[in-house]
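This report concerns aromatic rings and their neighbours. Please consult the sequence and the structure below while reading.

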Amino acid sequence: MTFRMLKLITCLMVLSLGLPSFSAAETVVVVHPDNKNSLDAVIIRKIYLSKNKSFPNGDKVAIFDLPEGNKTRDEFRDKVLRKSASRLSSYWARMLFSSKGKPPKVLSGADEVKDMISSNPSAIAYLDARDVDSSVKVVLHVK
Amino acid sequence: MKTVFRKAAVLAAFSSYLLPLQAAAANSELDVSGFATLAYGKTFSDKEEGTVSSIPQEGEYRDFNKFGLRLDADLEDNLTFTAQIVANGVNDYEPNVDWLFVTYNFMPTLSLSVGKVRMPLYMYSDYLDVSYAYQWISPPQSVYGVPSISSTEGVKLAWTADMGGQWTSEMLLWTGKTQEFEAALGSDLIIENGVGFAWAIERDWLTLRAVYFGGKATADTSAATADLFDGLALIEGNVQQQTADPSYSLNGVREDFEFVEDDAVFMGLGAFMDFEYAFFGAEATMITMDKNVAVGDLKSYYAMAGVRLPGDWSVSLTYSVNDDKANEEVYEDFQTITADHAAIPLFAPDADGNMAPYMLNDTTQATVAHIVQGTVTGIEAQTYEESQTYTLGARWDFHRSAAFKMEYLHQIRDGMNGNTAEISTTDADAFRVALDLVF
């Protein structure tokens, strides 16, 4: 390996390590601090599309959304649910009218999300990383 | 899409005798949701009676309109109640209770529903009325048209499972009795001892599904069979008299025509692939019945491909086929009677008391021949249908809870004339537009 390549790789590593601090807003998925489930993007997607109605340990799950038009909500939808707003809307119509699941309850904003998460052990929601405090536990950094 | 009321608040509006209930139900929730479709359709055909997907030639403003209201009450402690009422333009907007059931959740993944539940015969059965939930204005009629019955009074067990990775599985097992108007028969279809099983596995971009449903089917077809049964009695009487064999009976044939507790089986397979910019779907169904004239061997399928375009538009092309034939066994039975009737030596005592060849009188013979031949071609014609339909459709999600759709349908249909058994091909085109809402 040439010195030049090493230098390039080092640069890239530094860059990639530094990336989170450059990004303006990062979305994180949060649960109750006592929730011990290990959750990855695949499981969170299934939970948020009501395909899985429980956490991996079998506990019931309650899903929440930020209001429509919220940037964190859009980012979560694009990167975790990977569906456009209209596809997601059709999806929930199918789930709701076939009694398979209900869309997430909409909360007013980050404060209400934190209140809900810290008081409800079944709750799962997402937040802008800057709104996170010790009342919630981060289980996924959305990339 | 849904409106949540605190039930306590709703109950508080009622008079005070409900107060004890209010205390019990203070934390339960009532969700109200609904849907509507407002549509127009018109068929263009050279033939006077041709229609495509039941769309009339004079244009129809009312028949495809529908409105539904759904109530979901979470009664807590794992018990929920669901009711769905739908008013269809085609039924003069008379409200009909499509769903009415109580569900008990043993665990988040296992539930039992009791009441009037939807039979998941097709991929879109559960939300068949909610046109907003799928690409078309209505699913291909060649597949979804028969059977048109959709619900059953009984119990339904639902089990969902995480299969690891992206995969999930859903199994449905249901049993009950169904009595609903069946469009293809023009009368009520009753299915007793119905047992069905549906299994769907899915991952993010793929859904695969299989379904089996069987039961004892009964329908009132007496108006259609009255003349035939008279004819059969005439044949029997003649043969019994001439052969002096009172045991000669055509009951086997009668049973073919009696639509009473006949074994009926419905099977279906479906697949859907959903990608960011494209989607593909296909479904195939087969109905077989134990020697029944009114229902032959019915096969149908469709395949659909679509693309998502910028600006929340999507365009799709669907090819659907209906291939219905008379039941072979019934047809064979009829060939047997015709042969029987020709082969039986018709001898009768003449004026001198000697046995001599006997001729049916001309009128009787003509009647018998007419009835038998007419019935044989009638059976074929009634159950015979081969049609191919191309549907080019566009959907525009112009609003968060509303979609505008346009469809152009082209159908090539082979029909059989009941008198001449001639097969003729008809081409017809239809156009329809719809506005779908959910709330």
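## A ring pair in chain B

At 7% relative accessibility, Tyr124(B) counts as buried, a term for residues under 20% relative accessible area, with exposed meaning over 50% and partly exposed in between (1.4 Å probe, protein chains only). Tyr134(B) is likewise buried, at 2%. These two residues form an edge-to-face aromatic pair, 5.5 Å centre to centre with 70° between the planes. Rings of Phe, Tyr and Trp (its six-membered ring) pair if their centres lie within 6.5 Å; planes under 30 degrees apart are stacked, over 60 edge-to-face and the rest tilted.

Ring pairs also join Tyr124(B) and Tyr134(B) into a cluster whose members include Trp136(B) and Phe266(B).

## Basis of the model

The model is predicted: local features need pLDDT of at least 70 and side-chain atom pairs count only at pLDDT 80 or more, while totals for chains, interfaces and linings use all residues. Residues are numbered from 1 along each chain as its sequence is written, chains are lettered from A and ligands numbered from 1 in the order in which they are written, and side-chain values use heavy atoms, leaving out hydrogens and water.

## Pairs over all chains

Over all chains, the structure holds 23 aromatic pairs. Tyr48(A) is buried, with a relative accessible area of 1%, and Phe76(A) is buried, with a relative accessible area of 1%.
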